[in-house]
Amino acid sequence: MRFTPTKNTYKLTPEAVDLVSEDVQSFLTELKAPKKNILAARISVEEILLDLIGKYGADFEFTFIKNNFLGKPYITITYDGEPFNPLEKEGDEEFGNWTSALIQNADYTPSYSFNRGVNSVTMRFSKKEMNPIFKLLIAIVAAFLVSLLRLVLPAESISFIENSLMDPLYNAFLGLMATIEIPLVFLSVACGIIGIGDSTVFGKIGRKLILRFVVIILLFTTAAGIIFSMLFTSFSAVSEGSISLKVGIEMLLDLIPSNLIEPITSGNTMQVVLMAIVISVALVLLGGKAKTISSIINEGNGIIVYIARIICKLLPVFIFIVLLDMIWSDNIGVFLNMWKPIAAFVAVLVLLFCIMLFVVSVREKVSAGLLIKKMLPTFLIGFGTASSIAANGESSECMHRQLGINQRFVEFGQPTGGVVFMPSTAINFMVCAIYMAKYYEINVSLLWFVIAILICSFVAIATPPVPGGAIAAYTVIFTQLGIPSEAVAIVVALDIVFDFIATAFDGAFLQLEMIRQADENKMLSFDVLRK
């Protein structure tokens, strides 16, 4: 969609609030954004402007800007004066600031900044793109069609195409992934710990909710890993690699880098994670004394996530190259056999969902069938778009109006869970790691298994919740687990399929956990839930 950038100045009056809100709605309608997201964005803008009226009065002026950056539309509200963030909710000791750095990376979530006497609140939006599954199908069809050139071209020409064109493009893509791998891991982990540990960002209930998210991810990943090990490896392979005291000590000592540069130059992901933990914990303990550094880390995380999204737009081209190389190398059987981990992935997700659904149904005394009926629209949106962002509007509406969860609890838990609570994604990484370990005949020892659980769980939390966001994660996981880099190409080719399934189930798991947490915090309406 093409549009002319606009910049208008208004008085803070109710009429101006209505005018700007309608402008936002028209703007997003032209972008063909989902109706639920249009409503959410309009309400957010109205609340921001009403908060400004409460702070400055009706005669104060503000500027409303519509523009785009690198093809990504955004709106900005600016106003002069002392620093005032209308997104912060003062005096909320239970939840804290729901617009924390953990949440600000998601689309449709406003972010605040202050620079040289000017306050700015910005909301960035994504244009409606082609369904990722269609991109995958186009890449597959194109690869099979181009592979027919082998029937008409001489072997020398095919060799030239492979060595002079396909291999450089393949290496260039993996090089881009490797380039952002270390900063992505460091900044994501550090940003998350700073957010969780900062009492001004998350209150008592907020921190409890997030810690529960992390615990459930670890439990689900462990259970899924045991099942996958039974399917794709033998228990003897796991038991043979029992950890000796010497191996355990060497593993712990290997986590400590000899200097700050070593983790970056060697690409040791576990050392990078340890550095991120130590530095971010120190920043949390220093509090206001290190506020500038914490802010830089949060902003840097947003930048690297945005870069990752741009790189992932090249994914269809990469899939095309990988499939074409497999066909010409007569290795397409590896790709076709990936139905096995996909089938195992779906089976485990269904099993864990049924268990969680049963627990919630019994504890809350509500029919499991009724819960499924209410949650189904959100599930279908996630499955159809592979984007938790696209399902945000329907999910929030369902939680509050269908499941009876308090609106304040939804406003904090839903966007936070959309970023932090990724159990299906962690399980996705786990099944790929175990299946590829079997394929490349890597010994799945108990030590390997424990590392796999931890890295799959925490990398899932750090993964951007957008289609293709898991691409860099595979490089991190496989490198740490000793799986050859060629495995990344195989898994990435079907990551879009995994993404559709994981997004749908992540949304369902989040809704069930939100019901449980809302009940424990006395923020659940049983009349609405059981209706």
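The questions below concern a predicted model.

Q: Which residues does Ile405 contact, leaving aside neighbours within four places in sequence?
A: Sequence neighbours within four places are set aside here. The contacts are then Met399, His400, Val410, Met514, Ile515, Ala518, Met523 and Leu524.

Q: What span should helix H17 have at 1.5 Å a residue?
A: H17 covers residues 423–439, which makes 17 residues. The expected span uses one less than the number of residues, each counted at 1.5 Å.

Q: How many residues of H21 are buried?
A: H21 has 26 residues. From first C-alpha to last, H21 reaches 36 Å, close to the 38 Å expected. The helix is mostly covered, and the buried count is 23 of 26.

Q: Are H16 and H21 parallel, antiparallel, perpendicular or oblique to each other?
A: The axes of H16 (residues 407–420) and H21 (residues 495–520) come within 11 Å and cross at roughly 140 degrees. Roughly antiparallel would need an angle over 145, and roughly perpendicular runs from 65 to 115. The two helices are therefore oblique.

Q: Which residues of H21 meet H16?
A: H16 passes H21 in a right-handed crossing. From H16 come Phe409, Val410, Gly413, Gln414, Gly417 and Gly418. On the H21 side they meet Leu510, Met514, Gln517 and Ala518.

Q: Which residues of H21 make the contact with H17?
A: The axes of H17 and H21 come within 7 Å and cross at roughly 145 degrees. The crossing is right-handed. H17 contributes Pro423, Ser424, Thr425, Asn428, Val431 and Cys432. H21 contributes Asp495, Phe498, Ala502, Phe505, Asp506 and Phe509.

Q: Is Leu145 buried or exposed?
A: Leu145 lies in helix H3 (residues 132–147). Its C-alpha is separated by 9.2 Å from that of Leu324, 179 residues apart along the chain. Exposed means over 50% relative accessible area. At 55%, Leu145 therefore counts as exposed.

Q: Is Ser147 buried or exposed?
A: Ser147 is placed in helix H3. Beyond residues up to four places away in sequence, Ser147 touches Leu324, Ile327 and Trp328. The cut-off for buried is under 20%. With 10% relative accessibility, Ser147 is buried.

Q: What is the phi of Lys365?
A: Lys365 is found in the loop between helix H13 (339–364) and helix H14 (368–385). Lys365 is exposed, with a relative accessible area of 64%. Its phi is positive although the residue is other than glycine, with a value near 55 degrees.

Q: Where does Glu441 lie?
A: Glu441 is not a glycine, yet has a positive phi of about 55 degrees. At 74% relative accessibility, Glu441 counts as exposed. Its place is the loop between H17 and helix H18 (446–462).

Methods. Residues are numbered from 1 along each chain as its sequence is written. This is a predicted model: local features need pLDDT of at least 70, side-chain atom pairs count only at pLDDT 80 or more; totals for chains, interfaces and linings use all residues. Side-chain values use heavy atoms; hydrogens and water are left out. Contact means heavy atoms within 4.5 Å. Helices (H or I, at least four residues) and strands (E, at least two) are DSSP runs, numbered from the N terminus. Axes are lines fitted to C-alpha atoms, for helices over the stretch in contact, and angles run from 0 to 180 degrees between N-to-C directions. Angles under 35 degrees count as roughly parallel, over 145 as roughly antiparallel, 65 to 115 as roughly perpendicular and the rest as oblique. A crossing is left-handed if the near helix is turned anticlockwise from the far one by less than a right angle, and right-handed if clockwise. Buried means under 20% relative accessible area, exposed over 50%, partly exposed in between (1.4 Å probe, protein chains only).
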